[in-house]
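Here's a quick briefing to read with the model open beside you. Skim the topics in order, or jump to whichever one you care about.

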Amino acid sequence: MEINALLCDHAEAAEGKLFINGGAVNLLYVQPQPPHVISIFVAAVVHVPYTATNQPHTVTVRLVDEDENAVSPWVPDGAPPAGPVEMVTSFNVGRPAILPPGESQTVPLAFGLQGLPLSTLGSYTFVIEVDGSSEKRLSARVLVEPRQGGFGGGPASIPGLT
């Protein structure tokens, strides 16, 4: 199955539509000391082929690090370890009588991670699987926010802007 997806500040799937705010995120700024807390959403549209309607499908989103290891949330010393970050949903899209043979249907999905504590800075990848097959990879870098230049903590001078 084909899937279109992006990382964003917020997403919601409702009434057959996908509502996205702050799309195309690839940098997540955090405090310098762990836990490095992030909030991010995966917005996705699954294109279900005509021949794959009227059957169950599963979409899984896994978070992996630069070495392709499953990522688990940061936990304080002495606390039991948390399981890997993984979000799963299932769907079954019907085949309406008006759907011409060969035409696909779309299923909008939104997966949210709000307040996820991470142990380390670096590059992370969301691996999106449909029915166990890896279909899309979305990467983001978690880094410490650079200090702002200029007076009053605002942005530094940008050529062409006054």
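What follows covers ground rules, strands and sheets, the cavity, and a handful of single residues.

This is a predicted model, in which local features need pLDDT of at least 70 and side-chain atom pairs count only at pLDDT 80 or more, while totals for chains, interfaces and linings use all residues. Residues are numbered from 1 along each chain as its sequence is written, and side-chain values use heavy atoms, with hydrogens and water left out.

**The open sheet**

- There's an open sheet of 5 strands here, with the order 3-9-8-5-6 and mixed pairing. Strands are DSSP runs of E with at least two residues, numbered from the N terminus, and two of them pair if DSSP finds at least two bridges between them.
- The edges go to strand 3 (27–30) and strand 6 (86–91); each has a single partner strand, so one side of each is left without a neighbour in the sheet.
- On average, neighbouring strands of this sheet are turned by 20° against each other, direction ignored. The axes behind that angle are lines fitted to C-alpha atoms, and angles in general run from 0 to 180 degrees between N-to-C directions.
- Strand 8 and strand 9 run antiparallel and are joined by 9 bridges; Gly122 sits opposite Val142 in strand 9.
- Strand 5 (residues 57–65) pairs with strand 8 in the antiparallel sense over 7 bridges, and it is also joined to strand 6, again antiparallel, by 6 bridges.
- Arg62 is a handy landmark: it stands opposite Val127 in strand 8, and its bridge partner in strand 6 is Glu86.

**Strand 4 and its partners**

- Take strand 4 (residues 36–48): 10 of its 13 residues are buried, so it is largely enclosed by the rest of the structure. Buried means under 20% relative accessible area, exposed means over 50%, and partly exposed is in between (1.4 Å probe, protein chains only).
- Strand 4 pairs with strand 1 (residues 2–14) in the antiparallel sense over 7 bridges, with Leu7 opposite Val42 in strand 4.
- Strand 4 also pairs with strand 7 (residues 105–118), antiparallel over 12 bridges. In strand 7, Leu116 is the bridge partner of Ile38.

**The cavity**

- How many cavities of 30 Å³ or more does the structure hold? It holds 1, and about 30 Å³ of space lies in the largest cavity.
- A cavity here is a set of points on a 1 Å grid over the protein atoms alone where a 1.4 Å probe fits but cannot get out, and lining residues have an atom within 4 Å of a point. Grid points are joined across faces, edges and corners, and the volume is the space filled by probe spheres set on the points.
- The lining is made up of Leu28, Ile38, Leu63, Tyr124, Phe126, Ala140 and Val142. Strand 8 (122–130) and strand 9 (133–144) are the elements that give two or more residues to that lining.
- By class, the lining has 7 nonpolar, no polar and no charged residues. Nonpolar takes in Ala, Val, Leu, Ile, Met, Phe, Trp, Tyr, Cys and Pro; charged is Asp, Glu, Lys and Arg; the others, Gly among them, are polar.

**Buried residues worth a click**

- Thr125 is in strand 8 and counts as buried at 8% relative accessibility. Its side chain makes a polar contact with the side chain of Ser139 at 2.9 Å. That term means a pair of N or O atoms within 3.5 Å; within protein, one must be able to donate a hydrogen and the other to accept it, and residues adjacent in sequence count only if both atoms are side-chain atoms.
- His36 belongs to strand 4 and is buried too, at 3% relative accessibility. A polar atom of the His36 side chain lies 2.9 Å from the backbone oxygen of Gln31.
- Val93, in the loop between strand 6 and strand 7, counts as buried at 14% relative accessibility.

- The peptide bond from Pro34 to Pro35 is cis, with omega near 0°. Pro35 is in the loop between strand 3 and strand 4.
- Glu15 has a positive phi, near 55°, in a residue other than glycine. Glu15 lies in the loop between strand 1 and strand 2 (17–23) and is exposed, with a relative accessible area of 77%.
- Glu68 has a positive phi as well, near 70°. Glu68 is in the loop between strand 5 and strand 6 and counts as partly exposed at 44% relative accessibility.

Definitions and conventions:
On a 1 Å grid over the protein atoms alone, a cavity is a set of points where a 1.4 Å probe fits but cannot get out, and a pocket is an open set with protein on both sides within 12 Å along at least five of seven lines; lining residues have an atom within 4 Å of a point. Helices (H or I, at least four residues) and strands (E, at least two) are DSSP runs, numbered from the N terminus.
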